[in-house]
Structures are given as C-alpha cells and as structure tokens.
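Have a look at the structure, then read on.

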Amino acid sequence: MSTSDVINPATEELLRTVELTDEAGVDDAVARAKVAQQKWAALPPAERAAALRAFAAVVDAHIDELAALEVANSGHPISGAEWEAGHVRDVLNYYSAAPERLSGKQIPVAGGLDVTFNEPLGVVGVITPWNFPMTIAAWGFAPALAAGNAVLLKPAEWTPLTTIRIGELALEAGLPADLFQVLPGKGSVVGERFVSHPDIRKIVFTGSTEVGTRVMAGAAAHVKRVTLELGGKSANIVFDDCDLERAAATAPYGVFDNAGQDCCARSRILVQRNVYDRFMELLEPAVKGVKVGDPASRDTEMGPLVSKAHWNSVASFVPDDAPVAFRGDAPSGPGYWFPPTVLTPQRTDRAVREEIFGPVVAVLPFDDEADAIALANDTPYGLSGSIWTDNLSRAVRVARAVESGNLSVNSHSSVRYNTPFGGFKQSGLGRELGPDAPLSFTETKNVFFAVQEA
Ligand code: NAD
C-alpha cells in the first residue's frame, strides 16, 4: 500500500505518514457502504436524527483535539480552527432535524391521491480540498447522511488528519459501521474512482475549477449527480459614500483570512476613484497590523501557506517588478510564510484575473456604479463579494447586478450553516448549506394512488 507524508506547514516537520486507499479499496468500501445505506435508510427517521445528534455531541467533546490537529496539519490559527470544529458540530445538529422533516408533498390531482417521496440517492462520494478540511467535509456528509445516504469521503492529500479523526468519531458516536467512511488517497486514484464507479450516485466536489470540470465531464458518462464548489476571484467594492475607515480596517480580513486560502477571499478591492488615495492611506496600517505567526498562539490572525508547492504558486504572482504598494510582516526561518501583500496592478494583469489563493490582493480604482459592476463581473468566477455603501438603494442595485452566489453589504460574511452557499458561473454548480441542502441528496419520486368512486 502506498503512503504519503503529512507535513506541519509552520515548522516543515513530518507529522504523520498516512496510508493511501487504492482503487480496489474504493470498490470494497462502496460495496460495504451500499449495504449500510439500505439499513440506515430503513431506520425510523427519529433514530437517524438521534444518531446525527449523538455524532454532533461527540464532535463537540473533541473540539480542542480537532482544532489542535488542524493547527498542526493546516497551519490555521487556533481561534479559526476551534471555530471550524464547532461549525462541524453545528452543521450536524442543524441537519439532524432533516430526517423528520423531509416530508414530500401531497398534490391535488384528479382521480386519486398523489404524493411525492424524497428518496435517498444511495452512496455519495465527497471530495474535499485542503483549505478548510473539516468544514467543507461537513457541508457534504451531514446533509447527505441526514437524507438517508451513505457517504465516502476523500480528503485532500496534504490535509487528511482532521477528516480521518472525524471518521473515527462517527463510529465512537455509534453511527453504523461502513455508513460513513473516510478514504485518504490521491485525486487521480480515489477521486477518479468515485467519479467512474457506477454505484456512487452523486459526487460533491470542492476544489479547483480545472479539476471540477473534469469531475463533471466524467460524471456525465453515468448521468451522475454533481455539486461543484470551485474557485473564486471575488470583489470587495468600496463606494465613496461608505464608512471608509471601517471598510479599510476590515478589508485585510476579507482577503487574508486563512492566509488568503479561501475560495471567498475578496482578492480584488475595487475603490471609487475619488476616495482611492484616502482608502490606501487607511489600508496600509490595517495590512501592517495583521498578526502573522505561530498558529498555535491565541493572538495570531494569519498562519503559513499550506505547502512549499503552494508557496511557489503564490510567489509567482509577486515577481520582483510587481506593483507592490505595501506589505505586512511574516516570520523568517522554517515554515511556508508569505506576508500580506497589496498590489496596484492594471486591470489586465494576471494577479487581477487569476485565483491566487494566497495573501495577495489587487486594489483597482473605478469611476462610477456601472464601472464597478462591470469590473466586478469581469471574471469567469462568481462566488462571493462585498459591497460597502451607506446608500440603501445603491446596495440593493449593486447586490442584484453582481453575478455572485454570496454577497455581503458592509461586512465580509459568507458562510452560515443555515443559509445557502455556492457559486455563479465557473465558481460552481448547486448550493450547499441552508434549509434545502438535504434535498440535493434525494430523488423526487411521484406516486399516484387511484381512488375508486364510491
Ligand atoms: P484541487 O482541485 O487540486 O483538489 C481538490 C480535491 O480534488 C482534492 O481532494 C484532490 O485530491 C481531488 N482531485 C484531484 N484530481 C482529481 C481527479 N482527477 N478526480 C477527482 N478528484 C481529484 O483543489 P485544491 O488545490 O485542493 O483546493 C483549492 C481550490 O479549491 C481553489 O480553487 C478554491 O477556490 C477551491 N475551493 C472552493 C470552495 C467553494 O466552496 N467554492 C471552497 C474551498 C476551496
């Protein structure tokens, strides 16, 4: 069996060697998951609900352990890692209500009684990226299990440790064996087998648009369902009528959270030209004030990048002649550290057009509302974004015009477990979270019962 080394990105030390699942291992897991799924779906809804609440309670009892593991494996600051582990518990609790509420419909028709059932799909494959291993996994597995499915979950190669632990916690909580299996492995092996295996009925994929496109093409051969959460190049639009101090003070946290390794990162700040200079004056101390360092320390706001390979990719966007306006600090010595970096490039620059997925932001001036909207939409992506204005009508107009799945006005909020999340255009397909997510793990079955005239 092949293995892969898991590295602590803040120290470059070896954390653990993980065994990788091969294709035969996936096929075996699918066969066992099929059996487990049928028993799970046949349980009374209240029993499935109770099992998910028990799973949430066991996660809650292990928040500190899961957070410490994410700090070590992913370099996430401890406060963020604790939030992420708590979010897994919250997502499980939220969807534990679903088994008793997937009620279908009774539709008035002639000649009888017509009802719909929300039938589970069967076995669902969830493929996650390395940037938020725990939270993104939960967005897939919690509603899928709640809707009566079995789940096979493949974490990203660099960051499998918290996901492996959550798989163990599911068993400790009493979830049936084989119902929820974590299969660490390569995308080219486990991920591709998820896509090609005829008994995996749906793929939930979060990752790059490049790989997501391949997953969708492969799924088409089986008319396999997909949910895709892909890349982003979101805009933070700052109008001259906003609270400029607050817009500038918060802008770094809208893009440098998780060292910019966030699909919702507002990596393009668009600023109305008449307040551009003042905004840059305010932004500089805010960027320099971001605390970058040991992720285990409570006052750290930004940790390292996840790997050396990713560091190289981010650094390629800041060549020696890059238009750097100013930069924050980063530790020296071991670890994949990259300072918060503010660029003032041309609109056509690669740093403006491509997803960097690191702590690098481009600031661009715009002339008026129409120019801001056109610039915000001048990207193949459409995941997130922010609008800063104190003019309510403008906020509504711009929010409706920006082609993006998740917008916030006068804040940088993106993710709440109880509201839908997902992308327009090449940022994805389908929505996760929110009240309707379990439905995307079901097929609607319509049954007509003929009723004889008396
Ligand atoms: P990636 O596409 O390289 O990998 C994602 C996952 O796909 C990994 O588990 C990988 O092993 C697997 N994979 C690789 N090749 C595969 C194949 N041929 N078939 C099936 N699976 C395969 O992405 P990444 O570098 O891990 O993550 C970063 C990307 O994820 C960024 O583009 C980011 O914007 C995106 N992302 C999107 C969201 C969202 O919700 N929209 C959230 C987080 C990250």
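## Where the ligand sits

On a 1 Å grid over the protein atoms alone, a pocket is an open set of points where a 1.4 Å probe fits, with protein on both sides within 12 Å along at least five of seven lines. A molecule sits in one if more than half of its atoms lie within 2 Å of its grid points. Here, the ligand sits in the largest pocket. The elements giving two or more residues to the shell around the ligand are α7 (187-196), β8 (200-206) and α8 (209-220); helices (H or I, at least four residues) and strands (E, at least two) are DSSP runs, numbered from the N terminus.

This is a predicted model, where local features need pLDDT of at least 70 and side-chain atom pairs count only at pLDDT 80 or more, while totals for chains, interfaces and linings use all residues. Residues are numbered from 1 along each chain as its sequence is written, and side-chain values use heavy atoms, with hydrogens and water left out.

## Who touches it

The ligand is surrounded by 29 residues, counted if a heavy atom lies within 4 Å of it. Thr128, Glu157, Ser208, Leu230 and Glu355 are the closest.

Now for some polar contacts (pairs of N or O atoms within 3.5 Å). The side chain of Ser208 puts an N or O atom 2.6 Å from an oxygen atom of the ligand. Leu230 uses a polar backbone atom, 2.8 Å from a ligand nitrogen atom, and a polar side-chain atom of Glu192 is 3.0 Å from a nitrogen atom of the ligand.

## The whole chain

Zooming out, the protein chain has 14 helices and 18 strands. Its C-alpha atoms fill a box of roughly 80 × 55 × 40 Å along the principal axes.

Definitions and conventions. A polar contact is a pair of N or O atoms within 3.5 Å; within protein, one must be able to donate a hydrogen and the other to accept it, and residues adjacent in sequence count only if both atoms are side-chain atoms. On a 1 Å grid over the protein atoms alone, a cavity is a set of points where a 1.4 Å probe fits but cannot get out, and a pocket is an open set with protein on both sides within 12 Å along at least five of seven lines; lining residues have an atom within 4 Å of a point.
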